[in-house]
Amino acid sequence: MNNTVVVGAQWGDEGKAKITDLLAEDADIIIRYQGGCNAGHTVVVNGETYKFHIIPSGVLYNDKICFVGAGTVIHPESFKKEAQELLDRGVSLSSLKISPLASITLPYHIDIDGISETSGKTNKIGTTKKGIGPTYSDKIGRYGLKIQDLYDEEFLNKRLDDILPLKNAALEKVFNSKTYSKEEMLKYCREYAEIFRPYVCEDWVKILSDALKHDKKILFEGAQGIMLDIDYGTYPYVTSSNPIGGGAGTGSGVGPTNIKNVIGVTKAYVTRVGEGPFMTELLDETGDKIRNIGGEFGTTTGRPRRCGWFDAVLSRYCVLVGGLTQMAITKIDVLNDFDELKICVAYKDKRNGKVYEDYPTNINLHNYLEPVYITMEGWKQDLNGAKSIEQLPQKAKDYLKKLEELVGIPITIVSVGPDREQTLMKENPFKTKVLI
Ligand code: IMP
């Protein structure tokens, strides 16, 4: 059993899609386990760029089963658009399956997300305004709708009788926003039922039980990143789901004893979109240089990403809470042209000099902390010729070795460019032998 989770081990946008896409080739089943259309996963195949939001990129291989799991929230119109765009480009969605237990993002979830972000609130989160937080809030509050509810009109009627009076009172009185009649919502739900119908997978329990019984290879695809986890991220500047490795269990329906590896995908530096603490953020021209070379602008919102040096304190924390067994380092080529590279090894309290080697989870404390850096020499050369990690320039290997040493888990994958071929893999969890 080699079932493997791919999880972002920073604040999202680490290049998970590329790693997932690569590992998917040897997997039988790919399951996206949390998040919604807030995610933007870019995959480049033969020079063609594909952007995914909720559909697993594994659909690009036509012999894999691709699940959108119970832990996700799905906005029907966005899903429809994404699916149609793929179909128009000749991608088959015949093996795409949606869990009937996934939650639905309804129109008022989007309204509420937008209003919450634009109202006079002092602490904005900087959300993607895709209705993610309000959908998960309703799920946890038991006021949500699941996909399976769409196919039982009697049940749906009763649910809407319970849900709508409360929602409408909040929309009107708290958010000063448009309310929704039951007829309107029923009309929406009938449309949604048709959007999802070809993909809803009623027999997912049998499919996954059989897969485990026959030792099929399952790849779990996370969205966002560990530092955006609702429980372990920089709360409240987080998303509303559990990207951590453990989220793969709750969000897919496959329990934790069936997972062996958790690959933490980490850029060779750090980026973040939206608000919240970021210890190694560079607000100077070095930050601009990383942003420009790395093309660090959001896939979903187009926002410029905040950029900074690699933070080993944060990565060690991700190893713990994410259950990481190995790291994939992406976009190391973005650092090709730097004389010096810094790595944050600890945080120091500016008030009293106290040094933190373990990540302090109280983000209020971060206002008083500053990064403690070590400096490494840059390799100042193109990495394109390298066909294996071993063939990288010595100084790039020294940088990676230092990251391994500081974070405490092996680096098994290094990405040196956007194409599938530009990924150097030491170990593929779905192939038993060590490759290089
Ligand atoms: P939400 O997920 O739209 O509620 O946004 C909450 C926080 O997560 C914001 O800081 C977003 O910028 C961030 N976020 C959500 N999805 C992604 C993603 O796919 N990549 C990076 N950041 C994300």
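## Ligand surroundings

In this predicted model, a polar side-chain atom of Asp-13 lies 3.0 Å from a nitrogen atom of the ligand. An N or O atom in the side chain of Gln-224 is 3.2 Å from a nitrogen atom of the ligand, and a backbone N or O atom of Gly-126 is 3.3 Å from an oxygen atom of the ligand. Each is a polar contact, that is, a pair of N or O atoms within 3.5 Å; within protein, one atom must be able to donate a hydrogen and the other to accept it, and residues adjacent in sequence count only if both atoms are side-chain atoms.

The ligand is surrounded by 18 residues, each with a heavy atom within 4 Å of the ligand. The closest are Asp-13, Asn-38, Thr-128, Thr-239 and Arg-303.

## Basis of the model

Residues are numbered from 1 along each chain as its sequence is written, and side-chain values use heavy atoms, with hydrogens and water left out. Local features need pLDDT of at least 70 and side-chain atom pairs count only at pLDDT 80 or more, whereas totals for chains, interfaces and linings use all residues.

## Domains and their interface

The domain assignment, from an automatic or database source, divides the protein chain into domain 1 (4-101 + 200-262), domain 2 (103-196) and domain 3 (266-425). The C-alpha centres of domain 1 and domain 3 are 24 Å apart. Their contact (heavy atoms within 4.5 Å) takes 39 residues from domain 1 and 37 residues from domain 3.

About 3100 Å² is buried between domain 1 and domain 3, with carbon and sulfur atoms giving 60%; buried area is the accessible area (1.4 Å probe) that two parts lose on being put together, summed over both. On the side of domain 1, Gln-10, Trp-11 and Lys-18 lose the most area to domain 3, together 22% of what that side buries.

Two salt bridges cross the interface of domain 1 and domain 3, each defined by a side-chain nitrogen of Lys or Arg within 4 Å of a carboxyl oxygen of Asp or Glu. Asp-13, which is also among the residues closest to the ligand, forms a salt bridge with Arg-305, with the closest N and O atoms 3.2 Å apart.

## Backbone geometry

Tyr-235 and Pro-236 are joined by a cis peptide bond, with omega about 10 degrees. Arg-142 has a positive phi, near 65 degrees. Most residues other than glycine have a negative phi, and most peptide bonds are trans.
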